[in-house]
Amino acid sequence: MGIIRVVSGCGNLKTLDLTCCRFITDAAISIISYSCPNLVCLKLESCDMVTEIGLYQLGSRCLMLEELDLTDCSGVNDIALKYLSRCSKLVRLKLGLCTNISDIGLAHIACNCANLTELDLYRCVRIGDDGLAALATGCNKLTMLNLSYCIRMTDIGLKCIGNLSELSDLEMRGLSNITSIGIKAVAVGCKRLASLDFKHCEKINDLGFWALAFYAQNLQQINMSYCNVSDHVLCLLMGNLKRLQDAKLVYLTNVTIQGLELALRSCCGRIKKVKLQRSLRFSISSEILETIHARGIKIRWD
């Protein structure tokens with residue numbers, strides 16, 4: 001009732017943030033759709049009583065929508081995405097923790113939302129390679145993509161991601177099926193990639209890191225914590241990425257202290273931030289630490 005009273009007199013409303021308003025239902029979404037047809041940005045994170053019934057109205061009437069946040073809305077399913085795909089002006093869409101959506105729903109978005117530049121699929125565990133194939137075909141303007149913990153994805157899906165030539169920010173933590181084949185496809189195809197987070201992608205080995213060292217020359221931020229890389233290739237990677245400014249290097253179990261020190265030496269002339277394992281604080285030579293501090297590099301200990 002509160003939402004109904006607010007929006008009924010605000011026909012020109014462009015932005016509405018209802019984040020964590022957990023008692024919002026489809027009735028409120030329906031009134032918003034009728035009263036605010038010019039809505040551009042709507043945030044409904046954790047409004048888990050919203051279902052495809054309300055989103056049908058949204059997709060029918062709020063055709064100017066450019067940004068929609070449905071993070072942790074458990075009522076969102078493939079039918080809801082079909083209705084939302086009518087909002088063809090969508091630029092930013094957040095679907096993280098929407099565990100009831102699959103490749104089918106994502107294909108609806110890909111077919112009709114060609115202007116999409118940012119898509120968050122964090123922990124959408126039913127999304128797989130077919131969904132990524134649809135995205136690569138229909139949403140080739142994507143610049144930001146979060147695939148973290150979408151555990152069904154394989155190298156086949158990452159090969160599709162490699163076709164997104166505009167992609168600059170990719171998060172893919174915890175993808176246990178991804179190997180060096182997939183990461184090489186991304187490195188070769190996504191030339192504008194500036195930020196890459198593949199923490200806990202433990203099947204990526206030296207071949208994948210070698211590909212990043214030679215093909216991902218625009219990388220500015222990288223998180224490779226809990227990955228399997230050797231001393232030699234880590235040093236090669238850190239030395240070759242000339243634009244790198246921020247590196248997270250926590251729990252690299254195959255890297256020795258000597259290898260880590262060499263890698264830090266190879267990049268300390270340009271890097272600005274580095275995250276290291278706390279237990280190594282007193283193992284790394286004081287000379288290296290002094291050099292890092294002298295150059296204004298910020299160390300974060302994890």
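Modeller: Here it is, and keep in mind that this is a predicted model. Let's start with H10: its buried residues pack against H9, strand E9 (221–223), strand E10 (246–249) and H11.

Biologist: Which residues of H10 are buried?

Modeller: Val233, Leu234, Leu237, Met238 and Gly239 are the buried ones in H10.

Biologist: What makes H9 and H10 roughly parallel?

Modeller: The axes of H9 (residues 206–215) and H10 (residues 231–240) cross at roughly 15 degrees and come within 8 Å. Angles under 35 degrees count as roughly parallel, so H9 is roughly parallel to H10. The handedness of the H9 and H10 crossing is left-handed.

Biologist: Which residues of H9 and H10 meet?

Modeller: From H9 you get Asp206, Phe209, Trp210, Leu212, Ala213 and Phe214, and they meet Val233, Leu236, Leu237 and Asn240 of H10. That contact of H9 with H10 splits into eight nonpolar residues, one polar and one charged.

Biologist: And what makes H11 roughly parallel to H12?

Modeller: Helix H11 (residues 257–267) packs on helix H12 (residues 286–294) at about 25 degrees, the axes being 11 Å apart. The cut-off is again under 35 degrees, so H11 is roughly parallel to H12. This crossing of H11 and H12 is left-handed.

Biologist: Which residues make up the meeting of H11 with H12?

Modeller: Glu261, Leu264 and Arg265 in H11 meet Glu287, Ile288 and Ile292 in H12. The contact of H11 with H12 has three nonpolar residues, no polar ones and three charged.

Biologist: Now Ile29: how do you know whether Ile29 is buried or exposed?

Modeller: Look at the relative accessible area, which is 0% for Ile29. Buried means under 20%, so Ile29 is buried. Ile29 sits in helix H2 (residues 26–35). Leaving out residues up to four places away in sequence, Ile29 touches Ile24, Leu44, Val50, Gly54, Leu55 and Leu58.

Biologist: Why is Tyr226 called partly exposed?

Modeller: Tyr226 has 29% relative accessibility. Buried is under 20% and exposed is over 50%, with partly exposed in between, so Tyr226 counts as partly exposed. Tyr226 is in the loop between E9 and H10, and has a positive phi of about 65 degrees although it is not a glycine.

Biologist: What about Tyr251, is that one buried, partly exposed or exposed?

Modeller: Tyr251 comes out at 34% relative accessibility. That value falls between the 20% and 50% cut-offs, so Tyr251 is partly exposed. Tyr251 lies in the loop between E10 and H11 and shows a positive phi of about 55 degrees, though it is not a glycine.

Biologist: Zooming out, how many helices and strands are in the chain?

Modeller: Twelve helices and twelve strands. Of the 302 residues in the chain, buried ones make up 51%. The C-alpha atoms fill a box of roughly 65 × 35 × 25 Å along the principal axes. Among contacts with a separation of 6 or more, 77% join residues 24 or more positions apart.

Biologist: Where does UniProt place its domain feature?

Modeller: An unreviewed UniProt entry puts "domain: F-box/LRR-repeat protein 15-like leucin rich repeat" at residues 2–136 and 138–268. Residues 2–136 are 38% helix and 11% strand, with end C-alpha atoms 41 Å apart. Residues 138–268 are 37% helix and 12% strand, and there the end C-alpha atoms are 41 Å apart.

Key: Residues are numbered from 1 along each chain as its sequence is written. This is a predicted model: local features need pLDDT of at least 70, side-chain atom pairs count only at pLDDT 80 or more; totals for chains, interfaces and linings use all residues. Side-chain values use heavy atoms; hydrogens and water are left out. Axes are lines fitted to C-alpha atoms, for helices over the stretch in contact, and angles run from 0 to 180 degrees between N-to-C directions. Helices (H or I, at least four residues) and strands (E, at least two) are DSSP runs, numbered from the N terminus. Angles under 35 degrees count as roughly parallel, over 145 as roughly antiparallel, 65 to 115 as roughly perpendicular and the rest as oblique. A crossing is left-handed if the near helix is turned anticlockwise from the far one by less than a right angle, and right-handed if clockwise. Contact means heavy atoms within 4.5 Å. Ala, Val, Leu, Ile, Met, Phe, Trp, Tyr, Cys and Pro count as nonpolar, Asp, Glu, Lys and Arg as charged, and the others, Gly among them, as polar. Buried means under 20% relative accessible area, exposed over 50%, partly exposed in between (1.4 Å probe, protein chains only). UniProt positions are given in the numbering used here, feature names are shortened, and annotations may be inferred rather than shown by experiment.
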